[in-house]
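Take a walk through this structure, one packing site after another. Keep the 3D view open as you read.

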Amino acid sequence: MAYDSYIRAMSPKGFFVTGIGTEVGKTVASAVLVRSLQANYWKPVQCGDLDYTDTHKIQEWAKHEHLHCFPERYALQMPASPHIAAATEKVDISLDDFSLPESDKPLIVEGAGGLLVPLNDKDTMLDLIASLKLPVILVSRHYLGSINHSLMSFECLRQRNIPIHGILFNGNEHPSTESIIEKMTDVPILGRIGEMDKVDAETIQHWSEKLKKQFA
């Protein structure tokens with residue numbers, strides 16, 4: 001399946017950032033993209049860490065003069081899958097409750113977990129992505145099993161005809177992993193965000209400058 005037409009028809013509204021699983025660096029990638037594109041940010045569902053949410057991290061790491069971070073639609077106390085956290089707090093998550101915020105700049109939307117993380121008894125993060133109609137940037141990170149997780153994530157998006165703007169690798173270089181993912185998906189590789197000893201505004205700025213050319 002060719003993705004050139006998807007890229008040419010890319011929505012100017014922004015991108016949905018999702019990952020091949022948990023802890024692959026979606027928030028770091030989102031911060032780099034927010035800084036690169038001078039974009040706004042929205043995390044629709046936050047589970048746990050309400051004292052220092054992903055939104056707080058974006059505000060600290062990716063700050064630019066006109067950055068606006070929209071409030072989460074659901075901010076849940078438990079660090080768990082959204083359907084579990086919501087059930088614990090007796091909250092019903094519904095796809096009908098989500099709509100893209102009105103943004104005067106490109107919008108980076110960050111998902112929670114991977115594509116098939118449940119929001120409720122029938123809907124997953126993939127359903128939310130489909131409903132918001134933004135092209136996806138898929139974050140991949142090398143670990144044992146990451147090729148499988150990357151290709152499965154690609155297949156999920158492809159089967160739903162969700163446009164994929166590209167794959168963004170996070171962490172240290174692993175050429176054999178990256179090359180087979182690129183070859184088997186035929187999706188553009190946007191680049192790599194290198195391993196960071198410390199994540200702060202300075203390191204995010206460094207990697208955002210490297211990524212800018214992919215969006216020029």
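Helix 2 (residues 26–37) packs on helix 8 (residues 201–211) at an angle of about 65°, and their axes are 8 Å apart. This is a predicted model: local features need pLDDT of at least 70, side-chain atom pairs count only at pLDDT 80 or more, and totals for chains, interfaces and linings use all residues. Residues are numbered from 1 along each chain as its sequence is written, and side-chain values use heavy atoms, with hydrogens and water left out.

Helices (H or I, at least four residues) and strands (E, at least two) are DSSP runs, numbered from the N terminus. Axes are lines fitted to C-alpha atoms, for helices over the stretch in contact, and angles run from 0 to 180 degrees between N-to-C directions. Helix 2 and helix 8 are therefore roughly perpendicular. (Under 35 degrees counts as roughly parallel, over 145 as roughly antiparallel, 65 to 115 as roughly perpendicular and the rest as oblique.)

Which residues of helix 2 and helix 8 meet? Helix 2 brings Val 28, Ala 31, Val 32, Leu 33, Arg 35 and Ser 36. Helix 8 brings Ile 204, Gln 205, Trp 207, Ser 208 and Leu 211. Contact means heavy atoms within 4.5 Å. The residues of this contact divide into 7 nonpolar, 3 polar and 1 charged. (Ala, Val, Leu, Ile, Met, Phe, Trp, Tyr, Cys and Pro count as nonpolar, Asp, Glu, Lys and Arg as charged, and the others, Gly among them, as polar.)

Helix 2 also meets helix 3 (residues 54–61): their axes come within 10 Å and cross at roughly 40°. That makes helix 2 oblique to helix 3. Thr 27, Val 28, Ser 30, Ala 31 and Val 34 of helix 2 touch Asp 54, Lys 57, Ile 58 and Trp 61 of helix 3.

Now turn to helix 5 (residues 125–132). Of its 8 residues, 6 are buried (under 20% relative accessible area, with exposed over 50% and partly exposed in between, for a 1.4 Å probe and protein chains only). They are Met 125, Leu 126, Asp 127, Leu 128, Ile 129 and Leu 132. Their packing partners include strand 1 (14–19) and helix 6 (146–159). Just after helix 5, Lys 133 takes a positive phi of about 60°.

The structure holds 1 aromatic pair. The ring centres of Tyr 74 and Phe 98 are 5.6 Å apart and their planes stand at 55°, so the pair is tilted. (Rings of Phe, Tyr and Trp, its six-membered ring, pair if their centres lie within 6.5 Å; planes under 30 degrees apart count as stacked, over 60 as edge-to-face and the rest as tilted.) Both Tyr 74 and Phe 98 are buried.
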